[in-house]
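Please look over the chain shown here before reading on. The questions and answers that follow go through its strands, its loops and its pocket.

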Amino acid sequence: ESAEEGLFCARYSPDDALIAAGVADGSIRVFNSANGKLAYTLVDGMSRTPLPITCLRFRPEADANSSRMRHVLLAAGSDGSVRHWHVTSRKCVHVITEENNQVNAVDFSASGDAFATAGRDCTVRLYDESTRTCVTALCGTPTSGVDRMSGGHSNRIFALKWGGVDPHSLLSAGWDNTVQIWD
């Protein structure tokens, strides 16, 4: 990749066959990990203004008996968008727009049945993967005093990770210098 393009993030597919890279122009380049050659370019022509792809996560692969589509990639953008891509067909299958937000982090649960987003608005949102609707918003609540919050983040969130041992816990971290554990 050219240094002028500006790569913001990269992620291996669950089977390690592909490497997806989020680019400053809003596109995603997907490479064959065996030979490094460009395999797919994902571009959403519906985007108002192409802004950088800030985070990528492949949906965990289902078992062999599942009818669930393989090679689904979740791409977050600094325009507040969260796109589901089917990589091998190069199709954007769903778009969620979080108004007035820059989405900086996404992660899937280990089962792939849920995903979470976070960003500029200091809120962690949990989505149901099958309906792609927000089921919970995790954020702090204002308390007395200037700029005081109880729980939650007080600045942009840049990292999310679903718990390994406890499948119901989610970690978030950001510019407020805190790591928060959500249940």
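**Strands, turns and a pocket**

Q: In which strand is G77 found?
A: In this predicted model, local features need pLDDT of at least 70 and side-chain atom pairs count only at pLDDT 80 or more, while totals for chains, interfaces and linings use all residues. Residues are numbered from 1 along each chain as its sequence is written, and side-chain values use heavy atoms, with hydrogens and water left out. Strands are DSSP runs of E with at least two residues, helices are runs of H or I with at least four, and both are numbered from the N terminus. By that numbering, G77 is found in residues 72-77, which is strand β6.

Q: Why does G77 count as buried?
A: The word buried stands for under 20% relative accessible area, exposed for over 50%, and partly exposed for what lies in between, with a 1.4 Å probe and protein chains only. G77 counts as buried because its relative accessibility is 2%.

Q: Which residues does G77 touch, not counting those up to four places away in sequence?
A: A contact means heavy atoms within 4.5 Å. P52 is 25 residues from G77 in sequence, yet their C-alpha atoms are 5.8 Å apart in space. With residues up to four places away left out, G77 touches P52, I53, T54, Q102 and V103.

Q: How many of the residues of β6 are buried?
A: One side of β6 carries V72, L74 and A76, the other carries L73, A75 and G77, and these residues are all buried, which leaves both faces covered. The count of buried residues in β6 is therefore, under the cut-off of 20% relative accessible area, given for the strand as six of six.

Q: Which residue is the bridge partner of A75 in β7?
A: Two strands pair if DSSP finds at least two bridges between them. On one side, β5 and β6 run antiparallel and are joined by five bridges, with L56 opposite A75. Five bridges also join β6 to strand β7 (residues 81-86), again antiparallel, and there the partner of A75 is R83.

Q: Which residue takes a positive phi in the hairpin of β6 and β7?
A: Three residues lie between the two strands of this hairpin. The residue with a positive phi, near 90°, is G80.

Q: Is D16 buried, partly exposed or exposed?
A: Most residues other than glycine have a negative phi. D16 is not a glycine, although its phi is positive at about 60°, and its place is the loop between β1 and β2. Its relative accessibility is 46%, so D16 counts as partly exposed.

Q: What is the relative accessible area of C122?
A: C122, also not a glycine, has a positive phi of about 65°. It is placed in the loop between β10 (114-119) and β11 (124-128). C122 is buried, and its relative accessible area is 16%.

Q: Which strands are the edge strands of the open sheet?
A: Four strands make up this open sheet, in the order β1-β2-β3-β4 and with antiparallel pairing. Each edge strand pairs on one side only, and these strands are β1 and β4 (38-42).

Q: Which residue of β17 stands opposite S172?
A: Strand β16 (residues 170-174) has S172 on its covered face, together with L170 and G174, while L171 and A173 are on the uncovered one. Five bridges join β15 to β16 in antiparallel fashion, with S172 as the partner of L160. Four bridges join β16 to strand β17 (residues 179-182), also antiparallel, and the residue of β17 opposite S172 is Q180.

Q: Which element gives the most residues to the lining of the largest pocket?
A: On a 1 Å grid over the protein atoms alone, a pocket is an open set of points where a 1.4 Å probe fits, with protein on both sides within 12 Å along at least five of seven lines, and lining residues have an atom within 4 Å of a point. About 250 Å³ of space lies in the largest pocket, and of its 17 lining residues the closest to the centre are R57, F58, D107, F108 and K161. The elements that give two or more residues are β1 (7-12), β5 (53-58), β9 (103-108) and β15 (157-162). With three residues, the element that gives the most is β15.

Methods: Points joined across faces, edges and corners; volume = space filled by probe spheres on them.
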